Structures are given as structure tokens and as C-alpha cells.
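The following note sets out points on the helices, the core and the charged pairs of this model. Please read it alongside the coordinates.

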Amino acid sequence: MTRARTEFVRGHTDLEVYQRDFEAAMSIFKSSKLFPKEETYSLTDQIRRASRSVCANLAEAWRKRRYEAAFVSKLSNAETEATETQVWLQFAVKCEYLSAESGRTLYKEYDHIVAMIVQMIRQSKSWTIK
């Protein structure tokens, strides 16, 4: 994303990647309500935490744009959490808590989210405050 396009972003909630993850995390939350009770403190908590953490790290990255290294570090955390979410999605499908179709759709959405985060990292100089 070029510098000119970032001028239209006033806060982290304006970032397309934030919006996409928020929707995906909410979809995971709704789906995970149907997971078995015995998964409450393992898979359910883990997949919810990881998917929500992407948004939290994006918000923190946005506020750290004055320092490129800190900005990139938080984006890297967001990327890691998005990838972790994909792992939990695989477990949810394999354990038959989530349909293969839903799992595939969410997994692909996280592929897009990861790609967007990586692009921000690659163009970090255009995102940081001079």
C-alpha cells in the first residue's frame, strides 16, 4: 500500500486487514459456541484467543507507527497469531467440530490476512510516521 492510500486510514479500525480479521474472528467465535464442553479450556479458548489477538496486535502496531521496528514487531505478532489461528482451524475440522467447507473458507481468509500483514511489513516505511 502506498503512502497516499494510508492517508485515508485514520485509525486501526479503518484498515481493511483489521476489518477482515474482526469478521473472521467473529465467525470463529460463533462457530466455536458449538464445540464440545470438554474443549472449553483448550481448543475453544485457543482459537478464540489467537483470532482476536490478530486485531489486538494490528491496533498496537498502528499506535507504534512512530518507531518502524516496533511497528514491524507488532505486525509480526499479528502474522504469527493469524497463522496459529489456521492451525486451530485445522484441528477443529479434523476433530469434526467445524465443517470442512467452513474450515476451508476461514483458512483461506486467514491466508489473505497473512498476505496483507506481510505486505504491510514489506512496505513498513510507507506506514510509519515521519
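1. A residue is called buried under 20% relative accessible area, exposed over 50%, and partly exposed in between (1.4 Å probe, protein chains only). The buried residues of H2 are then Val-17, Tyr-18, Asp-21, Ala-24, Ala-25, Ile-28 and Ser-32. Seen down the helix axis, they fall within an arc of 135°, so they line one face of H2; the arc is taken from the directions from the helix axis to the C-beta atoms. Glu-23 and Lys-30, on the other side of H2, are exposed.

2. The model is predicted: local features need pLDDT of at least 70 and side-chain atom pairs count only at pLDDT 80 or more, whereas totals for chains, interfaces and linings use all residues. Residues are numbered from 1 along each chain as its sequence is written, and side-chain values use heavy atoms, with hydrogens and water left out.

3. Helices are DSSP runs (H or I, at least four residues), numbered from the N terminus. The expected span of a helix is 1.5 Å times one less than its number of residues. For the 17 residues of H2 this gives 24 Å, in agreement with end C-alpha atoms 24 Å apart. For the 23 residues of H5 it gives 33 Å, and the end C-alpha atoms are 33 Å apart, which agrees.

4. Contact means heavy atoms within 4.5 Å. By this criterion the buried residues of H2 pack against H3, H4 and H5, while those of H5 pack against H2, H3, H4 and helix H6 (124–127).

5. A nonpolar core is a set of buried Ala, Val, Leu, Ile, Met, Phe, Trp, Tyr and Cys residues joined through side-chain atoms within 4.5 Å. The largest such core has 29 residues, of which Leu-15, Val-54, Leu-58, Tyr-110, Ile-113 and Ile-117 touch the most other members. Two or more residues come from each of H2 (16–32), H3 (40–63), H4 (68–94) and H5 (100–122). H3 gives the most, with seven residues.

6. Six salt bridges are found in the whole structure, each a side-chain nitrogen of Lys or Arg within 4 Å of a carboxyl oxygen of Asp or Glu. One of them pairs Arg-20 with Glu-109 (2.7 Å, N to O). Arg-20 lies in H2 and Glu-109 in H5, so this pair ties together parts 89 residues apart in sequence. Glu-109 counts as buried because its relative accessibility is 18%. Arg-20 also forms a salt bridge with Glu-16, with the closest N and O atoms 3.5 Å apart.
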